[in-house]
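Please look at the sequence and the model before reading on.

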Amino acid sequence: MNILAIESSCDDTAAAVVRDGREVLSGCVSSQIEMHAIYGGVVPEIASRKHVEAVAGLADKAVSDAGLTKSDLDAIAVTYAPGLIGAVLVGVNFAKGAALALGLPLIPVHHVRGHIAANYIAHPDLTPPFVCLCVSGGTTAIVDVRSYTEMSVLGGTRDDAAGECFDKVARVLGLGYPGGDPMDKLAQGGDDSKYVLPVAHVAGAELDMSFSGLKTASLNLIHNAQQKGEALDLPAFAASFGRAVSDSLVPRVIAAAKMTGYGKIAVAGGVAANSRVRADLQAACAASGDRLFLPELKYCGDNAAMIGCQGFYEFQAGHTAGWDLNAFATRDISLG
């Protein structure tokens with residue numbers, strides 16, 4: 001089954017063709033990072049306009065790069081939630097038009113479910129059930145993946161997402177946007193014990209997290225050093241920050257795996273590319289005996305291949321949409 005997939009939930013327009021949920025035939029992305037970097041973050045209206053400009057051409061390119069024609073397609077999959085509402089609407093409306101014109105089924109895909117499915121590309125042997133740590137600029141959650149389409153949140157952030165904290169701290173340090181990669185590179189070789197940063201605990205909800213305190217403490221530390229004219233040890237600070245994020249994430253997903261008894265842990269989202277988080281998860285899983293599945297770095301960020309992968313399983317479960325499909329800024333992952 002050849003699925004043309006469209007992703008436009010934030011600042012990247014992406015299209016891909018995926019066969020049978022595991023084989024990526026093509027994938028292309030139009031990035032807006034340089035434009036939004038000027039503002040230190042994504043400007044929703046600009047993102048939406050750029051999606052409009054790029055999506056049709058990218059879809060044609062994805063089909064061509066796959067060595068197919070439009071008549072070889074069997075369905076259209078698209079991110080319909082969650083995300084910047086204007087951006088998501090662009091993808092949804094293009095997908096509806098393409099599906100209608102080609103007489104193909106339309107498959108709505110939850111963006112976070114797509115991130116989870118990115119693991120299927122790198123790991124053909126990965127099958128549910130498993131626990132997945134979903135961590136990005138907009139999401140931080142531990143998900144119980146009971147089947148390809150049955151999922152529920154076991155724990156998540158009560159406030160800021162971990163990836164958002166990376167972006168905000170990197171911006172104050174003058175590292176640019178997005179902040180995850182430059183913070184990761186800066187942390188290499190830094191003393192991660194030099195700066196003591198908070199790791200929050202939520203009473204009565206041991207799998208829940210909070211990152212607002214870490215963000216505030218980090219920004220206060222930076223500003224206080226600037227006001228006093230003191231030099232901040234930037235590699236040590238970045239390493240200490242990365243450690244605090246990892247110390248919030250890793251023990252909780254290990255606890256979730258023990259609670260479910262699945263013995264399998266996957267990771268998804270942009271922060272899944274962070275070297276400290278990956279290393280700590282590998283060490284923790286080696287100690288716990290859980291199998292760890294990490295997505296390829298190129299599939300950690302937003303992409304359309306992951307949407308096509310999840311779209312295949314949604315289609316198999318009978319989850320298709322009509323021409324009244326709408327976009328949603330927020331959507332519970334359990335609802336699909």
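The model is predicted: local features need pLDDT of at least 70, side-chain atom pairs count only at pLDDT 80 or more, and totals for chains, interfaces and linings use all residues. Residues are numbered from 1 along each chain as its sequence is written, and side-chain values use heavy atoms, leaving out hydrogens and water.

**Sheet.** An open sheet of mixed pairing is built from five strands in the order E3-E2-E1-E4-E5. Its edge strands, E3 (23–31) and E5 (106–110), each pair on one side only. From one strand to the next, the twist averages 20°. Strands are DSSP runs (E, at least two residues), as are helices (H or I, at least four), numbered from the N terminus; two strands pair if DSSP finds at least two bridges between them.

| Pair | Bridges | Opposite residues |
|---|---|---|
| E2 (residues 12–19) and E3 | Eight bridges | Ala14 and Val29 |

A hairpin of five residues joins E7 to E8.

**Surface.** In the loop between helix H1 (33–37) and helix H2 (44–65) lies Ile38. Ile38 is exposed (over 50% relative accessible area), because its relative accessible area is 67%.

Methods: Axes are lines fitted to C-alpha atoms, for helices over the stretch in contact, and angles run from 0 to 180 degrees between N-to-C directions. Buried means under 20% relative accessible area, exposed over 50%, partly exposed in between (1.4 Å probe, protein chains only).
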